[in-house]
Amino acid sequence: MEGPSGGLVRMSGTHAAGGFWTRYVFSRDHKVIGIQYILTAMAMGLVGGALAAWIRVQLAWPGSAGISPEQYPSLVTMHGTLMIFFVVSLALVSGLGNIIIPLQVGARDMAYPFLNMLSFWTVLPACPLMLASFFVPGGAAAAGWTAYPPLSALKGAIPGSGWGQSLWLLAMALFIASFTMGGLNFVATIFNLRARGLTMMRLPLACWTYLVSSILGLLSFPALTAAAIMLLLDRHAGTSFFVPSGVVIAGQVQAHQGGTPLLFQHLFWFLGHPEVYVLVLPALGIAFDVIAAFSRRPPHGYRITVWSLIVVAVLGMVVWGHHMFTSGMNPYLGKYFSVVTLLITLPFAAIGVNLVASLWRARLRWTPAMLWALGLISAVGTGGLGGVYLGNATADLHFHDSYFVVGHFHFMIGMVTLFGTFAGIFYWFPKLTGRLMNERLGRLHFWLTSLPMFALFFLMHLQGLRGMMRRYYEFSQDYVAPVLWLQPVLTVLAFVVFASQALFLINFFRSPFRGESAGPNPWNATTLEWTTPSPAPHGNWPDETPSAWRGPYEYSRNGNESDFELQSAPAAPGVLPSKR
Amino acid sequence: MDDRSPSPLSLAFPLALVILAAAVVGTFFLLDWRLDVASEHGRGVDQMIFFLLVCTGPLFVAGHLAVAWFVWKSRWRDTPAYLPPSPRAEWLATLIPVLLIGAVAEGGVLAIGMPVWGQVYREEPDTLPVEIVGKQFEWIARYPGRDGKFGRTEPTLIDDVENPLGLDEDDPAATDDIVVRGALYLPSGRAASIRIRSLDVLHSFAVPVMRTKQDAVPGLVTRTQMRPTTPGKYEITCAELCGMGHYRMRGYVNVLTPEEFEAWRARQVGWFE
Ligand code: HEM
Ligand SMILES: [Cu+2]
Ligand SMILES: [Cu+2]
């Protein structure tokens, strides 16, 4: 690996000497870029969270929130879009991924630092573009985060399908471009820049999950890119990929001919389903690393977990149709998608069981990161079992597009991903800033966020069982009446969640200055990032980069003096690490 | 960084998990989440869901108790040494719960789910043909009339008041078609074969009490089937975002006894009669 790392050393030399702009703004240091992503995601998270709070006011006390039936779909659409693509994707995948990967593989930076900088500066303008759509005529996009045509294709179908939908598509195009560049970088870095001796089976599980997640993203996003371009053409160039003949909007027969809306759904979910693994797997990887460090034992079944991740990814590419059981596709396809979807429970359950089993005979350290990781186990278990209901085509006849679905995906891509993100931020914060975050505030934040979130999203499942549909401005149907009294309760819970994020923000912005100083390895953890000083300098290691001599989780080995052994600790004097 | 003295969290956290698991189970007994069911396949759907609740409930509780137990035990554990299980034991510890979940998931859908899926999608003999059409924001039902044939429709002929479906007067089959806005009338005990269309954007024909849901897709005719069991008036709702009026796109399925239904049908006049 002489070439790339040598080059990076030189580059980091010139960079360290650079001024404010090259160090903090147009930086190529993966750690700075990671923080930039996280700050961006926090800002977008405030908007996405405020939208959720606003939606919940309408749902609890209809009419009192100042939202009209025209605006409601816009708010839901933007909440979902911001949360998935601009909060969770940016904070957990692009942000923490950037921070963790080069440090854990023992590299000086990403494989392509310039591309890395470029991907951040590509997604940044997408944020104001997306938010600007609230202020254009007709308001923001309103066809749901899924943007199903013809609603999203025909300007008269809903107010948000005017300018708002076009801005949505443009912002998404920038996002996808950025995410693709980021994914390429992750894959290239993990494959090519691993330290000497760091074989794939010595890779920390966080890196494994980022690798699998990035490959999934690279394979699936092109389908959405194609769909978005086709939709733009349908909207502005008179093509008819997704709009059939004879559509009548407000008494006007539309000029489109011969397209089919189902094509869009297939393309969308070809991305959409793998996307949930893109988001959820890194959270699981982080949980494995954090739990290992704070339970002082290696995770249960490392190899089983790795292979399960790969099987999840492969199966995850061929089950997109479980979002379309009722769409009018061939019922035999429905059977296929149901059976294969439910096969994923096997490898996914293996990962979950391994997380739980990793606590067996543990010696816990109750840091906030550990609390989040433990909470994640509960969330992924509950959400995963919910998936067994939804992957079942027959049961889905009742659940599809109900609040059961809303509850389920908030468990997976809401709770699991956020819990993983918080765990990751608490855990690697000292490596970035040289200081620890406040534990007391962290614990308070954990309890005030996790419990209300669990209650909130769990109760939504029961509303869904009663037949409450999603994306409804208000509920006047008789059959849902018995669960409507829950609405204000859920709204109050949502406000507790929203408000308690202030505790996190205070902690996050105060600790770089006020936090307790951390040494190079405050958690007595084993992986390579803990071999360099905190904060890690540009180029990551002041002198030589480390080599890996052993597996990533050598905790509490029988017969060792200390209860952990750094991955870089030589096995015996004079023994070289094995080749990669 | 040495926290060997038991933290209060090693008591609080397992306790929270146990309470959480109990609360989740409790809500199923306390809340009124069970919806009436009024179709034959709907009972099958409910059996499917009931099977899943009964099987995944214990898995949920067991998972939470396992975490609580391991965490609780760690309170006293002070040995730094960790004995890795043999690879065989490791495999078994993972494999057994996994096979259990797999059996619930796949066994459920194959043994209970698929026959019900067939009830919905395998065309039965002697069904009652009806059509339901979605448009922003209402449901319109159509019956083929005495000739048993649906007449031709033409988007250019659509007039919201005079001819909401755009029936073609020149087609003899269209003359006796019966059109009902906002309501579907069905006899109990006989399977209805429902063809579903949309005039504009996606909708989804959903009758929660029947456990029926099928998208209305412009440019496509989709199909579902149901055999109502109990006479009554049931709400139709829309399950696919279709615009600002999505939430109020309602209608009713009126299930009549077979005699009442024949009497109702005899009273209807064709659209061009
Ligand atoms: C306390 C925090 C949150 C609350 C109270 C909340 C609330 C809601 C509600 C009530 C809906 C459904 C609205 C409707 O269908 O009428 C919704 C939709 C959605 N939420 Fe959240 N949410 C929260 C956090 C998140 C997070 C963290 C994500 C992360 C991915 C997320 C992703 C979504 C998505 C994708 C939708 C679907 C949007 C659509 O239907 O197009 N939410 N949220
Ligand atoms: Cu999916
Ligand atoms: Cu609708």
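Helices (H or I, at least four residues) and strands (E, at least two) are DSSP runs, numbered from the N terminus.

## Basis of the model

This is a predicted model, in which local features need pLDDT of at least 70 and side-chain atom pairs count only at pLDDT 80 or more, while totals for chains, interfaces and linings use all residues. Residues are numbered from 1 along each chain as its sequence is written, chains are lettered from A and ligands numbered from 1 in the order in which they are written, and side-chain values use heavy atoms, with hydrogens and water left out.

## Backbone features

A:P149 and A:P150 are joined by a cis peptide bond with omega about 0°. A:P150 belongs to the loop between α5 (113–132) and α6 (163–192) of chain A. In chain B, a cis peptide bond with omega about -10° joins B:Q136 and B:F137, and B:F137 lies in the loop between β1 (128–135) and β2 (138–143).

A:R361, which is not a glycine, has a positive phi of about 55°. This residue is in the loop between α11 (345–357) and α12 (368–390) of chain A. Most residues other than glycine have a negative phi, and most peptide bonds are trans.

The space taken by ligand 1 is the largest cavity. A cavity is here a set of points, on a 1 Å grid over the protein atoms alone, where a 1.4 Å probe fits but cannot get out; a molecule sits in it if more than half of its atoms lie within 2 Å of its grid points. There are 26 residues around ligand 1, and A:Y72, A:H79, A:W145, A:H410 and A:R471 come nearest; a residue is near if one of its heavy atoms lies within 4 Å.

The shell divides into 18 nonpolar, 5 polar and 3 charged residues, where Ala, Val, Leu, Ile, Met, Phe, Trp, Tyr, Cys and Pro count as nonpolar, Asp, Glu, Lys and Arg as charged, and the others, Gly among them, as polar. At least two shell residues each come from α3 (30–60), α4 (71–105), α14 (403–433), α15 (439–465) and α17 (486–514) of chain A. The largest share, 7 residues, is supplied by α14(A). A backbone N or O atom of A:R471 lies 2.6 Å from an oxygen atom of ligand 1, and a polar side-chain atom of A:Y403 lies 3.4 Å from an oxygen atom of the ligand.

## Iron site

The iron atom of ligand 1 is coordinated by A:H79 (NE2) and A:H410 (NE2), at 1.9 to 2.0 Å. This pair links distant parts of the chain, with A:H79 in helix α4 and A:H410 in helix α14 of chain A, 331 residues apart. Donors are N, O and S atoms within 2.8 Å of the metal (3.2 Å for Na, K and Ca); water is not among the atoms, so sites may look incomplete.

The 6 donor atoms around the iron atom subtend angles of 85 to 179°, and the arrangement is therefore octahedral (six donors, with opposite donors over 155 degrees apart and all others between 65 and 115).

## Copper sites

The copper ion (ligand 2) is coordinated by A:H273 (ND1), A:H322 (NE2) and A:H323 (NE2), at 1.7 to 2.0 Å. Along the chain, these donors follow the spacing H-x48-H-H.

The copper ion (ligand 3) is coordinated by B:C238 (SG), B:E240 (O), B:C242 (SG) and B:H246 (ND1), at 2.1 to 2.7 Å. The 4 donor atoms subtend angles of 85 to 132°, which makes the arrangement tetrahedral (four donors with all angles between 85 and 135 degrees).

Note on methods: Polar contact = N/O pair within 3.5 Å; in protein donor to acceptor, adjacent residues only side chain to side chain. 1 Å grid on protein atoms, 1.4 Å probe; cavity = no way out; pocket = protein on both sides within 12 Å on 5 of 7 lines; lining within 4 Å.
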